2 protein chains.
Amino acid sequence: MSEQADTGQVHKLVVIGSGPAGWTAAIYAARAALEPVCYVGVPKQNPSIVLPGGQLMLTTEVENYPGFPEGVKGPDMMADFEKQALRFGTKKVGEDIESCDFSKRPFELKTSGGDVVRAHSVIIATGATANWLGQDNEMRLAMSGGGVSACAVCDGALPMFRDKPLAVVGGGDTAMEEATYLTKFASKVYVIHRRDELRASKTMQERFLSQPNAEMVWNSTVVDVHGDEKIEAVELENTQNGERSKLPVTGLFIAIGHTPATKFLEGSGIKVHDNGYVALDTRSSKTNIEGVFAAGDVADHEYRQAVTAAGMGCQAALDAERWLGANRLH
Amino acid sequence: MSEQADTGQVHKLVVIGSGPAGWTAAIYAARAALEPVCYVGVPKQNPSIVLPGGQLMLTTEVENYPGFPEGVKGPDMMADFEKQALRFGTKKVGEDIESCDFSKRPFELKTSGGDVVRAHSVIIATGATANWLGQDNEMRLAMSGGGVSACAVCDGALPMFRDKPLAVVGGGDTAMEEATYLTKFASKVYVIHRRDELRASKTMQERFLSQPNAEMVWNSTVVDVHGDEKIEAVELENTQNGERSKLPVTGLFIAIGHTPATKFLEGSGIKVHDNGYVALDTRSSKTNIEGVFAAGDVADHEYRQAVTAAGMGCQAALDAERWLGANRLH
C-alpha cells in the first residue's frame with residue numbers, strides 16, 4: 001500500500017483524463033473548492049496514440065473551438081486548459097488509473113505507480129482514441145501535422161486541404177460522412193476500402209457518390225504512406241491480386257473507428273454501451289453508479305469535438321459538486 | 001412581403017440567437033458550408049436585460065471558460081465568437097425573429113423588420129434571461145460589473161467577492177445552492193427572502209444553514225441598491241411592518257429564476273417543458289419538429305454555462321448538417 005492510502009486521505013473528487021473534458025471538469029471543480037486531483041495519464045503508442053492532453057495533441061491548427069477567431073494550435077490550447085485548471089488549485093498526477101473499485105465507499109483507484117487512491121467521487125474523462133492503420137509514416141505524419149488525420153470534421157476545412165486530392169480510409173457510415181464533408185473542399189476525394197462493398201448505409205453511400213469529385217477505390221489497403229514533412233502519396237495493395245500502386249494525395253483521413261479508453265473500468269460495475277462507450281443518464285453526466293460521472297469522448301461517439309467534450313466536463317463537475325453536497329461529503 | 005421572400009431564396013440554416021450556443025452553431029455550420037444566417041436580435045431592457053451576445057455581455061471577468069487561463073472579459077469573448085463565425089462566412093442580421101411557421105417546408109420566419117425568411121433548418125439558441133428585481137441601480141451595477149450578478153457559479157469565485165459580506169435574493173433550491181457555494185468564499189452570506197419560510201427543499205436549506213457564515217434575513221425585500229461604481233449596501237424593507245434598514249454588502253446575487261426566450265415560438269408547435277424550456281430529444285439537439293434544433297440556455301435550465309451552451313451549439317450544427325444531408329437539402 002502507498003503512503004497516500006496509509007494516511008487515510010480521501011479526495012473529494014478524482015478526475016481521470018486530461019483532454020478538454022478532464023481539464024474543464026477540473027477548472028469547475030477547483031473553482032468550487034473541491035480540490036480535484038487530475039490523473040493525466042502516461043504517453044503510449046501502438047495500437048493507438050495515447051497522450052496526456054488527448055486527441056487534440058495530434059492536431060495542428062484548431063479552427064472550430066469557439067473563442068479563438070484566428071485559430072489555435074491543439075497542444076497550445078491544451079496547455080492553456082491545464083494552466084487554467086492548475087491556477088485554481090487542481091493537483092496534477094502524471095500516472096494512469098489502472099483499475100477502479102467502485103463497490104467500496106470511498107472509492108478506491110489503483111494507479112500505474114502502484115498507489116491506491118481514495119475518493120468520494122470520480123469523473124471519468126479518459127476519451128477515445130482514433131483507430132489507426134499502425135504504420136510508422138502514418139503515425140509520424142499524424143503527430144507532426146503532416147496531412148494525416150483521424151477527424152475530417154476537425155481538420156478537413158484547413159487551407160492545406162483546399163482544392164487538393166484527399167483520401168479517406170474506411171467503409172462505414174462515419175467514413176462516408178467524412179468523405180462527403182471533404183468533397184466540399186477537395187479537388188477529389190478517394191475512399192479506399194479493403195472490400196468490394198461498403199458497410200455504410202445505402203443513403204450515405206449514395207450521398208457520397210453523387211458528388212462529382214467522389215471516387216471509390218475498391219479492394220485496396222494502404223500499406224505505406226509517402227512523404228517527408230507532408231504526405232505526398234499512399235501506397236495501395238490490391239487485396240485480390242496483391243498488386244501495388246501509388247495514389248498521390250495531399251491529405252489522408254483515417255476513418256476506421258474509435259476505441260473508448262475504458263479498459264481500466266473492466267470489473268468496476270460501470271455500465272457501458274454495446275460499442276464500449278460509457279452509458280450516461282439522460283442529459284446529465286451520471287453513470288449507473290452514484291458518485292461516478294463521465295464526460296467527453298469516453299461517453300460520446302456522436303459529436304467528439306473539443307467544445308462538446310469541454311461542455312460535458314463542466315456538466316460532470318457541477319453534477320459531482322451537487323452530489324457531494326447532497327450527500328454531505330463537501 | 002419582403003424582397004427576400006420574393007426572390008424565393010431558401011437558406012439552408014437559420015440560427016436564432018447570438019450567445020455562445022448561437023455563435024458556436026454558426027462556426028460549425030459555416031465551416032460545413034451551410035452558409036448559416038444568424039439573427040442576433042435587438043437590445044432590450046425591462047423586465048429583463050436582453051442583449052445580442054447573451055448573458056455573458058453582463059459579466060465582467062469570465063474565469064471558467066476553458067482556454068483562457070488568465071480569464072477573459074465576457075463581451076470580448078463574445079466578440080471573438082462572432083468574429084470566428086463571420087470569418088467562416090456566417091451572415092449576421094441585427095433583427096429578432098418574431099414568429100415561426102414550422103408547418104410549412106421550407107420553414108417561414110418573420111423578422112422584426114417585417115421580412116419573411118425561409119429556411120430548410122433552424123437552430124433555436126435564444127437563451128434565457130435571468131430574472132431581476134428591476135431597480136435602476138441594480139440593473140446599472142449588473143451591467144457595469146459593479147458587484148451585482150445573477151450567477152454565483154459564474155462570478156462568485158472572483159477576487160472582488162473574497163472574504164466579503166454577500167447577499168443572495170431568493171428562496172428556491174437554486175438560491176440555496178448559490179448561497180451555499182458563496183459561503184466558501186465570502187466572510188458572510190445573507191439570504192434575503194420575502195417570506196418567513198423557504199420554497200427550497202429541507203436538505204438544501206440545512207446545507208446552507210449548517211455553514212458558520214450563513215444567515216437568513218426573513219420577511220424582507222430589496223427596495224434599493226446603494227453604491228456608485230461598486231455596490232456598498234442593499235436597502236431592505238420589512239414585509240411585515242414596512243420598516244427600512246441598510247445591509248452593507250460587497251456583492252448581490254439575484255437568484256429568483258430565469259426565463260427562457262421562447263415567446264416567439266408560441267403557436268409554432270415546438271414542444272416546451274412545463275418550465276418553458278425547449279424540450280430536446282435524449283442527448284441530441286433535436287426538438288419535436290424535424291429540422292428544428294435547439295441549443296444553449298433556451299433548452300437547458302440545469303447547467304447554463306458558456307461552455308455547455310457552446311457544446312450544445314456545436315451539437316446542433318452537426319445535427320442540422322446530418323439532417324440536411326440525409327434529406328438531400330445540402
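Between domain 1 and domain 2 of chain A the count of salt bridges is zero. The model is a predicted one, and the bounds of these two parts come from a domain assignment, which gives 10–129 + 258–326 for domain 1 of chain A and 132–254 for domain 2 of chain A. Their centres, taken over C-alpha atoms, are 31 Å apart. Domain 1 of chain A brings 14 residues to the contact and domain 2 of chain A brings 16 residues. About 1,200 Å² is buried between domain 1 and domain 2 of chain A, and carbon and sulfur atoms give 54% of that area.

The next contact is the one between the chains. Here 55 residues of chain A touch 55 residues of chain B. The area buried between chain A and chain B is about 5,100 Å², with 49% of it given by carbon and sulfur atoms. Which three residues supply more than any other three of the area that chain A buries against chain B? They are A:Arg31, A:Arg283 and A:Tyr303, which supply 17% of that area. Salt bridges across the interface of chain A and chain B number 14. B:Glu206 forms a salt bridge with A:Arg328, and the closest N and O atoms of this pair are 3.7 Å apart.

What remains is the space that the atoms leave empty. Rolling a probe the size of a water molecule over the atoms shows where such space is left. A search of the whole structure finds five cavities of 30 Å³ or more. The largest cavity has a volume of about 80 Å³. Its lining has 13 residues, and the closest to the centre are B:Thr60, B:Gly145, B:Val148, B:Ser149 and B:Asp155. By class, this lining of the largest cavity holds six nonpolar, six polar and one charged residues. Where does the largest cavity lie? Domain 1 (10–129 + 258–326) and domain 2 (132–254) of chain B both give residues to the lining, so the largest cavity lies between them.

The second largest cavity has a volume of about 50 Å³. Residues of chain A and chain B line this second largest cavity, including A:Asn64, A:Val153 and A:Tyr181 from chain A and B:Tyr28, B:Arg31, B:Leu318 and B:Glu321 from chain B. Helix H2 (20–31) and helix H8 (306–326) of chain B each supply at least two residues of the lining of the second largest cavity. By class, that lining has seven nonpolar, one polar and two charged residues.

Conventions. Residues numbered from 1 in each chain as written. Chains lettered and ligands numbered in written order. Predicted model: local features only at pLDDT ≥ 70, side-chain atom pairs only at ≥ 80, totals over all residues. Heavy atoms only, no water. 1 Å grid on protein atoms, 1.4 Å probe; cavity = no way out; pocket = protein on both sides within 12 Å on 5 of 7 lines; lining within 4 Å. Points joined across faces, edges and corners; volume = space filled by probe spheres on them. Nonpolar A, V, L, I, M, F, W, Y, C, P; charged D, E, K, R; others polar. Domains from an automatic or database assignment. Helix = DSSP H or I, 4+ residues; strand = E, 2+ residues; numbered from the N terminus. Contact = heavy atoms within 4.5 Å. Buried area = accessible area lost by both parts, 1.4 Å probe. Salt bridge = Lys/Arg side-chain N within 4 Å of Asp/Glu carboxyl O.
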